[in-house]
Amino acid sequence: MNQKVFQTLEFDKIIKILTGYASTEMGRDLCRKLTPMTKETDILNAQDHTQDALTRIYRRGSISFSGITDLKPSIARLNMKGSLGAGELLNIAKLLETVKNAAAYNSSEDDDMEADSLDEIFEALVPLNDLLREIRRCIISEEEISDDASSALKSIRRSMKQANQKIHNQLTAVVSASSNQDKLQDAIVTMRNGRYCIPVKQAYRNSFPGMIHDQSASGNTLFIEPMSVVTLNNELKELEGREQAEIEKILSLLSEEASYAADDLARNQDLLVQLDFIFAKAKYAKDLDASRPIFREDGVINIKQGRHPLLDQKKVVPINVSLGQDFSMLIITGPNTGGKTVSLKTVGLLTLMGQAGLHIPAFQGSSLGIFREVFADIGDEQSIEQNLSTFSSHMTNIVSIIQQAYKDSLVLLDELCGGTDPIEGAALAISILTDLHDRGIKTMATTHYSELKMFALSTDDIENASCEFDVETLSPTYRLMIGIPGKSNAFAISRKLGLDEHIIEGASGQIDESVKDFETILADLEKSKQTIEQEQEEILAYRKEIESLRRSLKARQDNIKEKREKTLRNAREEAQQILQEAKDVADQTIREYNQLKKQTNKDTNKKMEHMRSDLRGRMNKLENQMTARKKKRSGKRHDAGDFHVGDEVYVSSLSLNGTVQTLPNAKGDLYVQMGMMRSLVNIRDLEITKTAKEVKRENQRNENRGRARTAMNKSATIKPEINVMGMTVDEAIAELDKYIDDACLANLAQITVVHGKGTGALRKGLHNYFKTLKKQKRISGYRDGEYGEGDLGVTVVTL
């Protein structure tokens with residue numbers, strides 16, 4: 001693909017932004033080298049990588065590859081059996097630590113995470129944990145090797161420490177002696193040329209036999225190594241040499257161990273740099289709120305709510321653009337600064353981004369074509385050096401585009417054939433567009449020529465579009481409207497700015513009537529489109545309201561159906577209970593009667609007569625109670641104003657209890673719900689047993705009592721600890737689900753889950769379950785047990 005279009009459409013600026021998301025310099029190099037691809041398989045693979053990395057960022061958070069340096073020179077030296085320095089070995093350790101973190105990131109527990117295109121890259125990483133541990137054990141920093149790197153090094157450093165101590169003790173005794181106070185410049189021990197010395201005054205040099213290593217600038221002070229410590233200093237120097245030799249041996253052994261894994265190290269570096277590059281694309285897509293485009297085989301472009309990525313995403317006006325399905329050429333007209341060029345650049349830049357494997361700032365489901373070449377002639381390319389005018393410069397570019405464009409190319413032309421005579425320019429523009437159209441090249445062009453509007457209207461497979469302009473505010477809305485050619489609005493803008501009406505009328509008189517009619521038609525089309533869009537928005541709002549009402553009605557119907565079924569179920573249970581009671585009484589009475597019947601003496605007859613009398617008395621008593629109840633209920637007369645919806649009433653004529661459903665009408669009739677039956681009853685036949693307010697208060701009291709009783713029962717029986725040892729994860733979760741609910745009812749603040757240590761699988765599974773409960777806000781937190789609580793064998797959960 002030609003490089004010029006990258007600057008014209010500002011793709012190079014996108015690459016510069018993308019580079020800032022990479023963590024390593026090598027990853028940034030890959031970003032800088034990113035260019036649009038033309039093979040469908042390559043594009044789809046790159047889009048898969050970006051999409052899967054973005055999914056992982058949303059699910060598991062981002063991953064950092066910072067700290068990785070280029071190890072190629074070090075690996076080359078390892079292959080030549082060379083020895084590396086401490087800093088180079090530490091760089092290898094940093095690489096291996098990143099490999100370890102990446103492997104842990106990839107194996108993070110996530111049941112919903114399906115296999116993706118990045119699994120193969122992550123799984124190809126070779127951890128080399130033994131080499132990492134050995135380097136970290138031996139090397140503390142670039143300047144410091146650990147004492148534990150080898151037993152010989154530890155022994156040498158112990159001897160060095162002892163020699164140092166002896167030297168210090170002897171020299172301290174010398175400088176502390178009262179007889180030497182006047183002979184020394186300072187009562188200190190210092191070092192010169194790596195050997196311990198004392199500062200002696202020039203006049204007393206013979207008082208301290210030994211080696212002179214240095215003198216002060218004035219010559220008054222000599223730094224003398226007393227003969228008594230020369231041997232010790234020599235021993236210390238020898239130990240330092242042995243220390244350095246041992247360090248080189250340690251580094252050599254570590255380098256030898258690293259050389260065995262040189263190929264794995266090189267492969268790990270390449271894989272990590274590739275992942276850094278892929279996650280940079282994903283992080284850019286996340287910040288840009290971009291989505292993955294669909295690449296259609298027929299090359300159709302259908303961008304939904306597309307935004308130019310270099311503009312302020314909070315202020316940019318999204319555009320909808322389609323090209324290649326109903327028409328293969330789009331001609332955009334409208335006033336200056338109205339958004340024509342931005343629309344052109346948006347389509348071109350999103351095409352380049354999509355073919356480079358980047359997500360595009362557009363709504364989900366947007367589609368792009370795959371083009372072998374993208375050509376753009378945008379902006380003022382006047383060349384002073386080549387003595388070319390604006391028109392000549394543009395035409396030179398257009399000639400090159402026409403010669404190189406193919407059927408699978410996308411051509412973007414801004415202000416086609418502008419900067420020359422309008423009549424000749426319009427004719428030339430029509431001819432150029434006709435040539436591109438006949439060759440089947442998808443093209444978008446912006447223009448001010450009215451002739452091109454008519455050309456698009458009269459030619460199949462070519463469509464007009466315009467950028468909307470608000471005449472009232474004299475400002476563009478930047479909305480792209482496909483199907484409507486743009487109106488110049490020159491007269492309207494001039495009138496709004498205060499130009500005299502007679503001047504405007506004079507200008508209008510010079511325009512051909514057909515042109516006036518065309519402009520009028522454009523104005524009517526634009527007004528009609530705005531009206532239709534407004535009506536569509538209203539229809540959409542009505543649809544949402546209707547859908548909301550439909551859901552509400554369905555919920556009410558389901559509630560009524562549930563209440564009806566509950567009432568019927570209660571009635572059946574009550575009827576069954578009454579029948580069972582009657583059956584039990586009848587059976588008992590028959591058994592007693594049969595037993596008494598076998599006895600034929602006077603006492604038996606008296607008992608049977610007594611049973612019949614008792615039964616008649618009980619029946620008369622119940623009948624008297626029912627009669628008294630009817631009389632009591634019918635004793636009071638109510639007015640229509642006494643009744644409210646929700647009142648509980650007694651219907652005298654039916655001997656049934658019910659609930660008032662409606663207020664009384666003019667005749668005093670209202671509807672009463674009696675179980676499954678709903679009937680129209682007059683207020684004269686009703687007795688209020690409970691008002692609606694009393695019913696509501698009683699229900700609330702019953703609910704409160706029920707909740708309190710439940711909480712008391714739970715708190716009295718539940719323990720603050722549950723043991724799930726020996727269970728599977730699923731079995732333990734099933735037990736915990738009910739236990740946590742009971743603990744919440746019992747108002748426990750904290751519970752302890754005993755799961756044991758074992759392999760750690762049960763603890764890990766339960767911790768994932770607690771993470772879910774924390775997201776659902778059913779618990780506020782959890783932690784491992786501390787010393788005395790059970791350590792890792794228990795988990796303490798805060799409710």
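# Exercises: charges, rings and strands

The charged end of Arg372 sits over the ring of Tyr406, 4.3 Å from its centre. The model is predicted: local features need pLDDT of at least 70, side-chain atom pairs count only at pLDDT 80 or more, and totals for chains, interfaces and linings use all residues. Residues are numbered from 1 along each chain as its sequence is written, and side-chain values use heavy atoms, with hydrogens and water left out.

## Exercise 1: a charge over a ring

Find the ring that Arg678 lies over, and give the distance from the ring centre.

Solution. 
- Step 1. Recall the rule. A charge sits over a ring if NZ of Lys or CZ of Arg is within 6 Å of the ring centre and within 35 degrees of the ring normal.
- Step 2. Look at Arg678. Arg678 lies over the face of Tyr671, at 4.4 Å from the ring centre.

## Exercise 2: salt bridges

State how many salt bridges the structure holds.

Solution. 
- Step 1. Start with the general idea. Side chains of opposite charge can pair when their charged atoms come close.
- Step 2. Set the cut-off. A salt bridge has a side-chain nitrogen of Lys or Arg within 4 Å of a carboxyl oxygen of Asp or Glu. The structure holds 28 of them.
- Step 3. Take Arg77. Helices here are DSSP runs of H or I with at least four residues, strands are runs of E with at least two, and both are numbered from the N terminus.
- Step 4. Check exposure. Buried means under 20% relative accessible area, exposed over 50%, and partly exposed in between (1.4 Å probe, protein chains only). Arg77 has 31%, so Arg77 is partly exposed. Glu88 has 22%, so Glu88 is partly exposed too.
- Step 5. Take Glu547. Glu547 is partly exposed at 30% relative accessibility. Arg550 is partly exposed at 45%.
- Step 6. Take Arg763. Arg763 is partly exposed, at 25%. Asp784 is partly exposed, at 25%.
- Step 7. Look for shared partners. Such salt bridges join Glu25, Arg28, Asp29 and Arg32 into one network.

## Exercise 3: aromatic pairs

Classify the ring pair of Phe6 and Phe11, then say whether each residue is buried or exposed.

Solution. 
- Step 1. Apply the rule. Rings of Phe, Tyr and Trp (its six-membered ring) pair if their centres lie within 6.5 Å; planes under 30 degrees apart count as stacked, over 60 as edge-to-face and the rest as tilted. The count comes to eight aromatic pairs.
- Step 2. The centres are 5.3 Å apart and the planes stand at 45°, so the pair is tilted. Phe6 is buried at 6% relative accessibility. Phe11 is buried at 1%.
- Step 3. Tyr769 is buried at 10%. Phe770 is buried at 0%.
- Step 4. Find a cluster. Phe65, Tyr105, Phe122 and Phe279 form one.

## Exercise 4: strands and faces

Give the strand order of the open sheet of five strands. Then sort the residues of strand β9 by face.

Solution. 
- Step 1. Two strands pair if DSSP finds at least two bridges between them.
- Step 2. Read the sheet. The order is β20-β19-β18-β17-β21, with antiparallel pairing. The edge strands are β20 (677-682) and β21 (686-690), and each pairs on one side only.
- Step 3. Look inside the sheet. Four bridges join β17 (residues 648-651) to β18 (residues 656-660). Tyr650 stands opposite Asn657 in β18.
- Step 4. Turn to β9. In a regular strand the side chains alternate between the two faces of the sheet. Strand β9 (residues 319-323) has a covered face with Ile319, Val321 and Leu323. Asn320 and Ser322 make up the uncovered face.
- Step 5. Strand β8 (residues 301-306) pairs with β9 in the antiparallel sense over four bridges. Gly306 stands opposite Ile319 in β9.
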